[in-house]
Amino acid sequence: MELLLFMFLTVIPVISDGLTVLGPSGPLVAPLGSSVVLPCSVDERLSVEGLEVEWRRTESETLVHLYQEGESQTESQQQDYQDRAHFFTDQIQHGNFSLRLDDLRAEDEGQYKCKVYIQQESGETVVQIKDVERLRVSGSSRSISASVGEDVTLNCSVDSHIPPGDFEEVTWMKTDENIQVLLYQDNEGHSPNERYRDRVELFPAEIHKGNFSLRLKSVRTDDKGVYMCQVFAGDLSANATVVLERLGFSALHVMMLILCISASGSALLLFCLIYCRFNTKGTNTTGKYSDLL
Ligand SMILES: *[C@@H]1O[C@H](CO)[C@@H](O)[C@H](O)[C@H]1NC(C)=O
Ligand SMILES: *[C@@H]1O[C@H](CO)[C@@H](O)[C@H](O)[C@H]1NC(C)=O
Ligand SMILES: *[C@@H]1O[C@H](CO)[C@@H](O)[C@H](O)[C@H]1NC(C)=O
Ligand SMILES: *[C@@H]1O[C@H](CO)[C@@H](O)[C@H](O)[C@H]1NC(C)=O
């Protein structure tokens, strides 16, 4: 029994944690969609003989990249990382086992472990992607039609890792005329433009949800055009547009128009009736009229 155990222990290579693996000095922050290099290196010159480098997500143990037997073992790596994780094979000889992660996504936030095995030694370092900076603005894919005199809402919603209260600036521009319709700064919105003053507002209770939709009141014919919602946060900025088109007349306008037409029609009819009567029975009426006098 003891002999068996002894044999077992000698067969398994003894791995000591003697290797010092270096990582980044702090957590990493990178914009959504960009590429980020997760640093991992050793500062001693090593023979690449029997080298193994394993990159894993710490929480899920998902295999991000594996370098073994002198090559990247892409088939053992998680599908999602096959095209996005790039290992610098030419840097191995310099003891550099960094990994570049492309097309950064929000889900990439978290901890990564770089574990290096060489001969009888191993060591590891942890790299954290703290923030995947994102700032996405969406407007309205379909154009808005409104009637003169009506109020409309132009949609603008912002998705970001930054709380909406921390945005430096949000502006609504009318791009076809290059007019600043509304400027939101220091938690306050106002219109710097005469034409829109007192006619535009945001929904203050909705701002914390990233809803920067614009309420445009008493729409006028010249309001027709393209509106852009622009958001600025740090060195990030994003925008989206909404088209306001087909400014028709409201039901109220149409009704009033019909009323006007019918009113003038009736007046005309009345006038005609009196006039015609007066003409045909002219003498008669005159006679009666003089009789009265
Ligand atoms: C490792 O290689 C990558 C890619 O060339 C480089 O960006 C990084 O700075 C290198 N790290 C070290 C410690 O040399
Ligand atoms: C504006 O946003 C709301 C809520 O997401 C949605 O129901 C509505 O259809 C949007 N309007 C337009 C014109 O896109
Ligand atoms: C923003 O809030 C307003 C007012 O509640 C609502 O009408 C609009 O649909 C909201 N827009 C989005 C995109 O959520
Ligand atoms: C709006 O965003 C697009 C990218 O989505 C960018 O190319 C364009 O320059 C931005 N426009 C303005 C006026 O910021």
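**Entry 1: ligand 1**

Which polar side-chain atom lies 2.4 Å from an oxygen atom of ligand 1? I began with that, keeping in mind that I am reading a predicted model. The atom belongs to Asn 96. I then listed the surroundings of ligand 1 and found Ser 41, Phe 88, Gln 91, Asn 96 and Ser 98. As for cover, the protein takes up 47% of the 360 Å² of accessible area that ligand 1 has on its own. I sorted the shell around ligand 1 by class and got one nonpolar, four polar and no charged residues.

**Entry 2: ligand 3**

I moved on to ligand 3 and wrote down its surroundings: Asn 155, Ser 157, Phe 203, Glu 206, Asn 211 and Ser 213. How do these residues divide by class around ligand 3? I noted one nonpolar, four polar and one charged.

Next I looked up the polar atoms. Asn 211 has a polar side-chain atom 2.4 Å from an oxygen atom of ligand 3. For Asn 155, I found a polar side-chain atom 3.4 Å from a nitrogen atom of the ligand. The side chain of Ser 213 also has an N or O atom 3.4 Å from a nitrogen atom of ligand 3. Here the protein covers 55% of the 360 Å² of accessible area that ligand 3 has on its own.

**Entry 3: ligand 4**

Which residues surround ligand 4? I found Met 228, Gln 230 and Asn 239. Asn 239 places a polar side-chain atom 2.3 Å from an oxygen atom of ligand 4. Gln 230 has a polar side-chain atom 3.2 Å from an oxygen atom of the ligand.

Leu 183 and Gln 230 are 47 residues apart in sequence, and their C-alpha atoms are 9.8 Å apart. Leu 183 is found in strand β15. Is Leu 183 buried or exposed? I got a relative accessible area of 13%, so Leu 183 is buried, the cut-off being under 20%.

**Entry 4: the disulfides**

How many disulfides does the structure hold? I counted two. A reminder to myself: a disulfide is a covalent bond between the sulfur atoms of two cysteines.

One of them joins Cys 40 to Cys 114, with 1.9 Å from S to S. I read -65° about the S-S bond, and the link of Cys 40 and Cys 114 is left-handed. Where do the two ends sit? Cys 40 is in the loop between β2 (36–38) and β3 (52–57), while Cys 114 is in strand β8 (residues 110–118). The two are 74 residues apart, and the pair links distant parts of the chain. I checked burial at both ends: Cys 40 counts as buried at 1% relative accessibility, and Cys 114 is buried at 0%.

The other disulfide is formed by Cys 156 and Cys 229, whose sulfur atoms are 1.9 Å apart. Why do I call this disulfide left-handed? The torsion about the S-S bond of Cys 156 and Cys 229 is about -50°, so the disulfide is left-handed. Cys 156 lies in the loop between β12 (152–154) and β13 (157–160), and Cys 229 lies in strand β19 (residues 225–233), so the pair ties together parts that are 73 residues apart in sequence. Cys 156 counts as buried at 1% relative accessibility, and Cys 229 is buried with a relative accessible area of 1%.

To finish the entry, I counted the bonded cysteines along the chain and wrote the pattern as 1-2, 3-4.

**Entry 5: the nonpolar core**

I kept the core for the end. In soluble globular proteins, nonpolar side chains tend to be buried together. Which residues touch the most other members of the largest nonpolar core here? I found Phe 167, Trp 172 and Phe 212, in a core of 34 residues. I then looked up the elements that give two or more residues to this core, and they are β10 (135–138), β11 (144–147), β12, β14 (169–174), β15 (179–185), β18 (214–216), β19 and β20 (236–248). Strand β20 gives the most to this core, with six residues.

β15, where I had found Leu 183, is among the elements that give two or more residues to the core. So is β19, the strand that holds Cys 229.

Note on methods. Residues are numbered from 1 along each chain as its sequence is written. Chains are lettered from A and ligands numbered from 1 in the order in which they are written. This is a predicted model: local features need pLDDT of at least 70, side-chain atom pairs count only at pLDDT 80 or more; totals for chains, interfaces and linings use all residues. Side-chain values use heavy atoms; hydrogens and water are left out. A residue is near a molecule or strand if one of its heavy atoms lies within 4 Å of it. A polar contact is a pair of N or O atoms within 3.5 Å; within protein, one must be able to donate a hydrogen and the other to accept it, and residues adjacent in sequence count only if both atoms are side-chain atoms. Accessible areas come from the Shrake-Rupley method with a 1.4 Å probe; for residues, only the protein chains shown count as cover. Ala, Val, Leu, Ile, Met, Phe, Trp, Tyr, Cys and Pro count as nonpolar, Asp, Glu, Lys and Arg as charged, and the others, Gly among them, as polar. A disulfide is a pair of cysteine sulfur atoms within 2.5 Å. Helices (H or I, at least four residues) and strands (E, at least two) are DSSP runs, numbered from the N terminus. Buried means under 20% relative accessible area, exposed over 50%, partly exposed in between (1.4 Å probe, protein chains only). A nonpolar core is a set of buried Ala, Val, Leu, Ile, Met, Phe, Trp, Tyr and Cys residues joined through side-chain atoms within 4.5 Å.
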